[in-house]
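Biologist: I'm new to this one and would like a close look at a single part, the place where two chains meet. Could you take me through it slowly?

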Amino acid sequence: MKNIRNFCIIAHIDHGKSTLADRLLEYTKTLAEKDIQAQVLDNMDLERERGITIKSHAIQMNYNLHGEEYTLNLIDTPGHVDFSYEVSRSIAACEGALLIIDATQGIQAQTISNLYMAIEHDLEIIPVMNKMDMDNAMPEEVEDQIIDLLGCKPADIIRASGKTGMGVEEILHAIVERIPAPKGDPDAPLQCLIFDSVFNPFRGIIAYFKIVNGTMCKGDLVKFIATGKEYDADELGILKLDMVPKQCLSAGNVGYIISGIKTSKEVKVGDTITHVKRPATEAIDGFEEVKPMVFAGVYPIDTEDFEDLRAAIEKLQLNDASLTFEPESSVALGFGFRCGFLGMLHMEIVQERLDREFDMNVITTVPNVSYKVYTKKDELLEVHNPSGLPDIMAIDRIEEPYIRASIITKTDYIGQIMTLCLGKRGELIKQEYISGNRMELIFDMPLGEIVFDFYDKLKSISKGYASFDYHMNGYRPSKLIKLDILLNAEPVDALSSLIHVDNAVSLGRRMCEKLKELIPRQQFDIAIQAAIGAKIIARETIKAVRKDVTAKCYGGDISRKRKLLEKQKKGKKRMKQIGSVEVPQKAFLAVLKLD
Amino acid sequence: MSGIYIHIPFCKTKCSYCDFYSAVSAQYISALVDTIGRELKLRENYLPDKKIGTIYFGGGTPSLLEKKYFEQIFDTIYGLYQVDENAEITFEANPDDLTPAYLEGLRSLPFNRVSIGIQSFDDADLQRLNRRHTGAEALQAVKNAQQAGFDNISIDLIYGLPYQALQAWEKQLDTALGMGVQHISAYGLTYEEGTPIWKRRESREIQTVDDDTMTDMYRLLLDKTGKAGFKQYEISNFALQGCRSRHNSSYWKQIPYIGLGPSAHSFDGTSRQWNVNSIKEYISEISENRIPAEREELSLSEQYNDFVMVSLRTTDGLNVCELEARFGADFKRFCLQNIKTFIEAEKADYSDNVIRLNTDGFLVSDMIIAELMKV
């Protein structure tokens, strides 16, 4: 055990985590150069494209230093706010962390919050300044930021480049020399921390764990404490590029277990595995049930595809336990599902995976957070959907979830960011300089305001530089009303939203404007109205098409023109017919991208 | 009977609105004419039969060809096919090419129809379009053709030109209708992507005509041509009695045609193919006895879509019995189901088993046709 080092990497999106990880794997010959398909750790296409690791993985390296053989377990962490709980469990499985900061950009909000999490778990932090090969690197400035943040010495900071391989050896040395070996008693009752799981179509659910105490062997009867379920350890082993089965694994090591589990719901990140015969007296601290915070309706474009959609979502759920769903129906959209997501990114990912992996074309409705509605009879209802709101007369009060948000930005953008956050009903809790011209702002804000075009605005205001992180911070009473949208006088339930009363008129107006932009002109005029109850608060009209004609259609034009019109028809087929109006998919998410 | 189309891909200058394939250099004319002859022979069996009802030289600018080149091509055609004695044989011409001498020469060839690319009689318009003739030359060209004995003359006009007002278009129409031609094709200006005029629109260098004015111009066109005795037979085509373009009509009736020359399209009834867009490649491939063409086999739905598109653009309309005979009852039901809202909106009529778009329907015909398509 004294030769094991367990570490993770804390980095902001695009700060080069994956590339640097590849270099470590290469240097330790964990992977031959020919295996490198740029960024091995991100093995879903989607992850590679977005440049972020959505789900964490782990990989073991062997490294020889001064004649001693070391086992290095790199536990990858997801890089987005939606997955902060998973990050905390990965961190809890490590004794050390590489803090990777892009030398061209400096420290970002998410890095800080993950760093704090690592410090809370007593991890040894090894700061690494990456992208040193870039012309626009600002090592002195970024070094100051790191020193301010960690209170470390300049000599502790490793200068590296994932691109050129600079600093890789130094990093490996530091991992061995600075990060402590795991502690734990191989003879104590078994305690394994589950930090991730994946679904494999042939093997079922594979859980990744770190053994905190005890020893687990193939064939052992084990129990997952939180779920109370018992399994045989059919196979266990360590994670190289592929899974390598082992007979036994002991305290300090990281590995996987396959035990015939069919659904991801049975494997909860943060749960503890112990033996049935000689159980640990307690579970490892920090386990939480992950609860979805953002809800949206997901509907098939073609109502006939409802069952296919169900099958697709069920499959997705196999390796994404944080996705929840239940059937719901909409007057406008027919039958679909109310899905729960960890956050907005999670929602986008699910939508894209449905499209790419299952060829399911879906409409996602305006997302809502989960509201607590107290009735006058003092019942508590959890409302995930505007249509689930009880009659106004029956409501005593509504509470909405709040977050504590951290935003790090250059001081130049402070004014506009303040305006944005205050406009989103944010309450400034704290503002302080991190270094030079960078500030951290802490706001308490309603989560419901974040789901409406917050990220995009923050990004455009700060020219992409402000970084944002949040965690849940309880519920507060709120004045909410239901805003309806009508197309040619027919209410479209899928476009309704729950909104704070002060924002209703402005949101209604902007929604009408946006819908006018997004709904193509048709053969008759279309009236778009926003209403609160029976009161119309905004209106726009889309004028009918007056001219849509091809001038020339001779021998050479026919093929091209036909294809063009076929494409137009296909586009229309992807639209949803609501009453007499054809509405494109993107219109249902219109409120998310309001200017 | 089938049709033959020959593409002459040369132009002295490029018109600013045109996205057809053509080259400004004339250096390959002779080689190209030889190669067209070779292609004719190579593809001798392309058409279902040897009877030819129409021949059409389009471009580009066919009127750049000297008489001997036409003779050469006609010799090959007449050697390979049985050209009907009443065949319609057309060439497209630029007004400034139509000198009395040139026309006199062509009269001794089988030509019996000329289509003159006038576009506008207004010199400022013509300059913006980068045409090489003037309004006066356009008038003279028609006179010359008439004097040379052509009694089936068509002219092309474009409306909705930059800065054009409704009154200006009316003046154009009056001039056109006063010339004694038998056929008019009038096109609303289309800004084809990548053309110089499209770029000028993108950079807002020119003032475009709004949709409402375009619509008014179209209605004026219908009104004026109608009063002058012309009958509309397709969205953009108007003819005196008996003077419809038979060649172009065959496109809309889905009659097979063979297209020769670079970028020319062919249709054999169920598949379409088109030659490469390059004079050099065309010449070198054919010299190796290869046809440099891309081909698409049309599925039943695509054939139906083709049929819907071309028939609804004509005043003869879409014959539902023919539709059923060719594609079956399901397609017929689908078509009738989808046209319903347009009949209710008074953009289309359905009587005697024929669906016809009216003027309001023609104005939004792309929308209607797309709606009727099966994808």
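Across the interface of chain B and chain A, how many residue pairs does the rule find in polar contact, with both residues at pLDDT 80 or more?

Modeller: A word on ground rules before the count. This is a predicted model, where local features need pLDDT of at least 70, side-chain atom pairs count only at pLDDT 80 or more, and totals for chains, interfaces and linings use all residues; side-chain values use heavy atoms, with hydrogens and water left out. Residues are numbered from 1 along each chain as its sequence is written, while chains are lettered from A and ligands numbered from 1 in the order in which they are written.

Let's start with who takes part. Chain B brings 45 residues to the contact and chain A brings 28 residues (contact means heavy atoms within 4.5 Å). Together the two chains bury about 3400 Å², and 53% of that lies on carbon and sulfur atoms. On chain B, the trio B:Asp366, B:Met367 and B:Val375 supplies 20% of the area this chain buries against chain A, more than any other three residues. Buried area here is the accessible area (1.4 Å probe) that two parts lose on being put together, summed over both.

B:Asp366 turns up again when we look at charges: its side chain meets that of A:Lys561 in a salt bridge, at 3.4 Å from N to O. Between chain B and chain A the count is eight salt bridges, each a side-chain nitrogen of Lys or Arg within 4 Å of a carboxyl oxygen of Asp or Glu.

And now your number: the rule finds 25 residue pairs in polar contact across this interface, both residues at pLDDT 80 or more. A polar contact is a pair of N or O atoms within 3.5 Å; within protein, one must be able to donate a hydrogen and the other to accept it, and residues adjacent in sequence count only if both atoms are side-chain atoms.

Which elements carry chain B's side? Those giving two or more residues to it include β6 (183-188), α8 (211-227), α13 (329-344) and α15 (365-372) of chain B. The largest share, six residues, comes from α15(B). Helices (H or I, at least four residues) and strands (E, at least two) are DSSP runs numbered from the N terminus.

By type, the residues on chain B's side divide into 22 nonpolar, eleven polar and twelve charged. Ala, Val, Leu, Ile, Met, Phe, Trp, Tyr, Cys and Pro count as nonpolar, Asp, Glu, Lys and Arg as charged, and the others, Gly among them, as polar.
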